[in-house]
Amino acid sequence: MEQYARISTAASREIIPIARPYSLFDFLRKKFGPLEPLLEPLHRILSQVRAGNGQTMVVEELAAAEDLRQENEDIAKCFPGFTTSRAYRLSFFCKPVFTLRGLRGVAADQFIGYAIVKQDDVPSRGPVVRVYESVLRGSRHRHNYVRGQQQWACAVAGRLFKVAGYMYAQQNGVTNVCAHVALRTAAARFHKDGDMLYREMNQLVGIDHVARTVADGLDTKQMVQILEASGARCFAGDYSKPTAGTRPPFQKFLYGSIESGYPAIIVFATTDASGSYHAVPVYGHTFSEDTWVPDADFSYFKIGTGTQYIPSESWLSMFIAHDDNWGSNFCIPRHYLSPQSALVGTSTSVPPTAAVAYVIGTFPRQVKVNSIVAEAVGADYLFTIHPQLPTDGNPWSQRLREYANTNRLILRPLLVEAGDYQKHLTRVRDWDGSAIRTDLLAALRTSLPSEKVWMIELSVPNLFSANKRKVGEVLLRAEVSASPKRDFSNFLLARLPGYFALYDGGGAVNPKYQFIPSGAPSHVELYGCEEHP
Amino acid sequence: MPQVTMSFEQRRKVLLNRMTAHAKGQTVKKVIRFQNDDVPQFLRGLERFEKESRRSRLVVK
């Protein structure tokens, strides 16, 4: 028996051409009859297939798979009379196919994705149908940025296809709730098996479906516990109640993870009388170079009176997320969301579902510095060093000072491998076409540590958003905790117009830097936007 | 021959030496002190917030 339904064998198969005028609405009504209203998320999935030029759907009734068997066994613990469950795998292609032979000739890139629909006939509850899991390939929109997508294998008529994405799943309300399915999307990114099943999550927090069921849901502490057991390091923020001390905007926890290719989770308030919350996984964002927000006062991030800047997430207008109630790959407008604490005691028109109570950002287990800390520490070094750049008439040094004087420097934190930084520098060119000196690149290649580092990119308005270029960056160790003591234990190097800045001892009191000419006096491409191969 | 494992500080020093060697005397050395206490204060406050947040137990279902 295969471990996962997505690669299991099929007991029966139907190939359905779905080009217009075929109606996917009619298909759902015919296939699931009175249960169709439960399948709103499948409507959403099929609408994405339609928008993605879907031409063929293969419907297979699945024989058996270990993940389904596990779930059925757990449902039976809650409802001992439970015996009947069926699962269908719906696979989608953007090529017209009419026969099994035709399916064998489909190219790998014509596979759009799949959805597994599971129907459980639970005594005393009646039949329940839901999307057990689904992965569809990325959106066609060029403003959408999704990083860190896994490759999911899916069997169709005995042939394995692959699709990249973040898995969507819908709760069954019996052995899992919305917290579980949000966790599944996020935990898959870290788990040794590439997927974390609900039984493993429940066992971690003592839910055995006999003495303790999922009726009480999961709490946020348990969610963090499950994610960390999967291999993640979590950084969480509670925005459910007001706080007197330092509290960054909740968006920073989300952006820091997703921009580096790791998922995050938003916990929303609900209208439920019990006061319980709803969770959704977030894994991408939109970026528009024409966004107006960064020029407005409220886009500044103020660490203190002497340290203010524009964070790069100011150009983000939507988070890309799944919502198990409604389906996959939605864009949630950033400015639609408010921290729940801001609404406490106010008569506001913001619906509870837009009130953010809690956020969880994730990174790999070895990462000990989150993006908010990295950005702040990066600002500390960059804003201290850049006014002291050697005076050599470089106009970009002067411009940097001018933008700094009006608090209009832009910072973008990214988690990368130190070696990837060196590769990035080999591919960038400044505006005049000058490259970083090859002898310095060789020194970086042999001397940089093999570990994850934070690269905090430094740019200025318009250069950043429209041209996707920067004037420098600082590299900080990510796998060693950052101390407020400024002990230089995280500082690796900085690069500013024309120069690398390397630490040469002296500690926090008298820090000495060596400025080494880099060969590239002006601005270069942002990480991920390099113009040279 | 056993592999020599360098500490981070040693590795950073090696990087400094190699890069300054390539600079052929064109390096500029400066002492640059931090100008304010904004970031250390922010980090202390953030640490408190994150610790308190991890203790929260909001029920999600």
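So, the largest nonpolar core: it has 172 residues. By nonpolar core I mean buried Ala, Val, Leu, Ile, Met, Phe, Trp, Tyr and Cys residues joined through C-beta atoms within 7 Å. Buried means 20 or more other C-beta atoms within 10 Å of a residue's own, exposed means 12 or fewer, partly exposed is in between, and the C-beta atoms are placed from the backbone. The residues with the most contacts inside the core are I265(A), V282(A), V359(A) and L476(A). Helix α10 of chain A, residues 371-385, gives the most to this core, with 10 residues. Helices here are DSSP runs of H or I, at least four residues, and strands are runs of E, at least two, numbered from the N terminus.

Before I go on, a word on the model. It's a predicted one, where local features need pLDDT of at least 70 and side-chain atom pairs count only at pLDDT 80 or more, while totals for chains, interfaces and linings use all residues. Residues are numbered from 1 along each chain as its sequence is written, and chains are lettered from A and ligands numbered from 1 in the order in which they are written.

Back to V359(A). Leaving out residues up to four places away in sequence, V359(A) touches, among others, Y239(A), F250(A), F253(A) and I265(A). Contact means C-beta atoms, placed from the backbone, within 7 Å.

Next, the sheet. 9 strands form an open, mixed sheet, in the order β13(A)-β14(A)-β19(A)-β20(A)-β22(A)-β23(A)-β24(A)-β25(A)-β1(B). Strands pair if DSSP finds at least two bridges between them. At the edges, each pairing on one side only, are β13 (301-304) of chain A and β1 (28-31) of chain B. Inside the sheet, β23 and β24 of chain A run antiparallel, joined by 3 bridges, and A494(A) stands opposite A501(A) in β24(A).

Now, which residues of helix α13 of chain A are buried? L440(A), A443(A) and L444(A). They sit on the same side of α13(A), because they cover an arc of only 100° around the axis, the arc being that of the directions from the helix axis to the C-beta atoms. T438(A) and T446(A), on the other side, are exposed. The buried residues pack against α12 (418-427) and β24 of chain A, plus α1 (8-23) of chain B.

That brings us to chain B. Its pattern along the sequence is α-β-α-β. Of its 61 residues, 26% count as buried, and the C-alpha trace spans about 60 × 45 × 20 Å along its principal axes.

Conventions: Contact = placed C-beta atoms within 7 Å.
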